[in-house]
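Open the model in your viewer and keep the selection panel handy. The stops below follow one another.

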Amino acid sequence: MCREKIATGDLLGAGNPVDDQWRPDPTRLRQVLLNLLGNARKFTEAGEITVKVEARHRADGETELLFSVRDTGIGLTKEQQQKLFQSFSQADRSTTRRFGGTGLGLSISKRLVNMMGGDIYCDSEFGKGSCFSFSLPYTPAADGFYDGEPSYNLDLKGQRMLIVDQHATFAEFTQLSALSWGVMTEVQGSGENALKELVAGCERQQPYDLVLLDYVLPGIDGLSTAEQIHSLMAIKPKPVVILCGTLGFQVGRETQQRAKRVLHGPVLEKPIGNGLLRSALITALGGKQLTVGGDGAETDNDFSRLRVLVVDDNKVNLMVIKAQLARIGIDADTACDGLDALQMAAVNKTPYDLVFMDFDMPNMDGYTATRQLRLREQDSDQPRLLIIGLSANVGEDAERAARDCGMDDYLSKPVQGGDLKDKIAIYFGVTTD
């Protein structure tokens, strides 16, 4: 199984300030990165894919950004590398039959990078993987354009965290992020070793406050490890356990619900950006995001109390919206269509406060699911559920369609993190300005 890591924060996620901090064309950049990531994913059956961005100062005094996409896939010979960026060229005809594609994407990527004033190249070893890199000139945004990360009423400085992941890349990235927040970390590569280290930490009178567990581990998996952590009498006090991994798309609904019951912290889906990770760690420890009120004073943000369900058949949309909600303290559940949403709403003992419902989905669309939810409310004593539609359509027709089926409001796609926060604040009375 291939695991993907993004070591730059939420580079491709909506609501990230990256596009506003520098000036290459964001659409062309996205196209190049998605093509390189798609190729890496295609040719990497096991191991990991890493995306990194670093700033470099050139001899002429200018600054450039170096992007690299590294995989542990099949790799390329020297002869194959020489043909990579030629139009209508494939490294090997056998790879076309096995993996599909013509190689045209790399030729287009080279042209796009050149148009933005950069260059692209490949470093690969046959059988051991490849690294595609490209550089782009960097122009800082105007002073004050980005107002920085949100503030919280809890500081992570001095907290002790155990990172449990078999992939060194993710562990290294998390350690670097934690170090910048003043968090002391240790790394273990398996659940068994993690349990031993947690006990040893208590014996040293240096107990861990947090455990960041990957779901996929050698030996016992992350969720079983979390259960053992909570049951071990030798570990006192019990650390907050946060599970990470592409959980929603790797395991079934029953396992997701088990994770909700077992964990004292949220479930994070990789790739995990800096902002999302920091927010999750603080929220898990009981902290809250601070927002500036009308009088200029900071006030507690109580978004974390809300139970939210996001319904969308597009996995990327689900991941992005879930990450955006996590930034404001909400650990949302997800459903892949209307039928799944109805089941989720039925089995949860604590009713949802809010549902973000996509309009068009297979099996059961958002309109039908909303009508079914409204019928349930009429036949029971349940309070009215706030349902906000999600649609790529804009204008009066979309708004009318949302209200006709019983939705309370709607947001147009692609959904921005600020729009989500503002919409929630309107209905739940949290100050945002």
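Select Leu 281 first. Beyond its neighbours within four places in sequence, Leu 281 is in contact (heavy atoms within 4.5 Å) with Leu 156, Met 161, Trp 181, Leu 210 and Ile 242. This is a predicted model: local features need pLDDT of at least 70, side-chain atom pairs count only at pLDDT 80 or more, and totals for chains, interfaces and linings use all residues. Residues are numbered from 1 along each chain as its sequence is written, and side-chain values use heavy atoms, with hydrogens and water left out.

Now widen the selection to the largest nonpolar core. A nonpolar core is a set of buried Ala, Val, Leu, Ile, Met, Phe, Trp, Tyr and Cys residues joined through side-chain atoms within 4.5 Å; buried means under 20% relative accessible area (1.4 Å probe, protein chains only). This core has 24 residues, and Leu 281 is among those that touch the most other members, as are Met 161, Leu 212, Ile 242, Leu 268, Ile 272 and Leu 277. Colour by element next: S7 (160–164), H6 (168–180), S9 (210–214), S10 (240–244), H11 (274–284) and H12 (315–327) each supply at least two core residues. Helix H11 gives the most, six. Helices (H or I, at least four residues) and strands (E, at least two) are DSSP runs, numbered from the N terminus.

Move to Val 310, in strand S14 (residues 308–311). Val 310 is buried, at 0% relative accessible area. Show its surroundings: contacts beyond four places in sequence include Leu 318, Ile 321, Leu 325 and Phe 356. Then draw a distance to Asp 358: the C-alpha atoms are 8.3 Å apart, across 48 residues of chain.

Last, pick Cys 405. Cys 405 is buried, at 4%.

Conventions
Buried means under 20% relative accessible area, exposed over 50%, partly exposed in between (1.4 Å probe, protein chains only).
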